Amino acid sequence: MLSLAAVLLLASPSAGQSPTPLPFQLKLLAPGVYAAIDGPEHKSGSNAGFVIGDGGVLVVDAMFTPDAARALVGEIRRLTDKPIRYVVNTHYHADHTGGDQVLRDAGATIIAHRNVRGWVRNNNINLFGDRITPELKARIEALPLPDLVTDKDLVVWLGSRKVIIRTVLGHTGGDLIVTVPDSNVVFTGDMLWRKVAPNLIDGSVGEWEATVADFGRNPEAAKSRYVPGHGDVADLKDVTEFRAYLRDVRRLVGDARSAGLAVEAMAPAVTAKLRALYPDWAISDRAAAAEVRYMDQELAGTKQRPIPQAD
Ligand SMILES: [Zn+2]
């Protein structure tokens, strides 16, 4: 005779089928603190995460696609029935803000650096360059504008749980990081990339390296865990390695400039050296060529960065 459980299993139309896989891997970092890490197929476009407090949930970043954001909301709903109160955009780039409307529809107030309102619809078009499609352009132009903006640090209380939002310099000119002091977890957005070549399009490597150095100087750094914008959950060793990577990009491009190399010749030369120094990093030709071009512009003093707009 079949057990009741076996009968129910046979009766279920989905018996034996695995559920649709998530576009990210959910990782528990501390009680109520989760990282959602984008997979090798880049279905989410970037990492995200969330913090569950007794007074509600704060989400960090909204991923690139509405589908990924819906999956994120689904995971939160599976874990808690507390209200989703906030989503913090670590910066304006669409791979972190693309799912904002889904989070807003789920009840979240969108928190961002004050510059994000002026950039999220306009500057994301530049970010995609020749990869923009009419569909993506329309989606970007309809992205919601943040509700609550700051150019200072901000403390959010989720009931009795404290979350600190800090403004930092380096990646875009409108960057926030989120720390959960009771668990030594830091959501860095794209201020940190783990074993992936970073996108320097809007960055100042000089400012960026100083901010990453500050991460390392935090007294809690050795026991902290960092959720980067791209790549797996990181520790202090990864922070130190990322800082060294930024320094090496600047040094190698500087050397190539001193040797009189034209920017087209710099990219293959610098990329080969970076790959030798960081053999376990994902450094695509496209990413490396862009990185070299932007670093060269920064060193030449011709780098264009997003310009803050008046409210
Ligand atoms: Zn990103």
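The legends below describe several close-up views of one predicted model. Residues are numbered from 1 along each chain as its sequence is written. In this predicted model, local features need pLDDT of at least 70 and side-chain atom pairs count only at pLDDT 80 or more, while totals for chains, interfaces and linings use all residues, and side-chain values use heavy atoms, with hydrogens and water left out.

**View 1. The open sheet of seven strands.** The seven strands follow the order β1-β2-β3-β4-β5-β6-β7 with mixed pairing, where two strands pair if DSSP finds at least two bridges between them. The edge strands, each pairing on one side only, are β1 (24-30) and β7 (148-150), and the twist averages 20° from one strand to the next. Such angles run from 0 to 180 degrees between N-to-C directions, with axes fitted as lines to C-alpha atoms, for helices over the stretch in contact.

**View 2. Strands β3 and β4 with helix α2.** Five bridges pair β3 (residues 48-53) with β4 (residues 56-60) in the antiparallel sense, and F50 stands opposite V59 in β4. Helix α2 (residues 66-79) packs on the sheet and touches β1, β2 (33-38), β3, β4 and β5 (84-88), with a direction that makes about 40° with that of β1; contact means heavy atoms within 4.5 Å.

**View 3. The open sheet of five strands.** In this sheet the order is β8-β9-β10-β11-β12 and the pairing is mixed, with β8 (154-158) and β12 (225-230) as the edge strands that each pair on one side only. Strand β11 (residues 185-193) and β12 run parallel and are joined by five bridges, and V227 in β12 is the bridge partner of F187. Helix α9 (residues 236-258) packs on the sheet, touching β11 and β12, and its direction makes about 20° with that of β11.

**View 4. Helix α8 across the sheet.** Helix α8 (residues 205-217) lies across β9 (161-168), β10 (175-180), β11 and β12, running at about 155° to β11. Its buried residues are V205, W208, E209, T211, V212, A213 and F215, where buried means under 20% relative accessible area, exposed over 50% and partly exposed in between, with a 1.4 Å probe and protein chains only. These buried residues of α8 pack against β9, β10, β11, β12, α9 and α11 (285-300).

View 5. The protein donors are D95 (OD), H96 (NE2), D190 (OD) and H230 (NE2), lying 2.0 to 2.3 Å from the zinc ion; donors are N, O and S atoms within 2.8 Å of the metal (3.2 Å for Na, K and Ca), and water is not among the atoms, so sites may look incomplete. D95 lies in helix α3 (residues 94-97) and D190 in strand β11, so the pair ties together parts that are 95 residues apart in sequence. D95 counts as buried at 16% relative accessibility, and D190 is buried with a relative accessible area of 2%.

**View 6. H93 and its contacts.** H93 lies in the loop between β5 and α3 and is buried, with a relative accessible area of 2%. Not counting residues up to four places away in sequence, H93 touches N124, L127, H171, T172, D190, I201 and D202.

Definitions and conventions. Helices (H or I, at least four residues) and strands (E, at least two) are DSSP runs, numbered from the N terminus.
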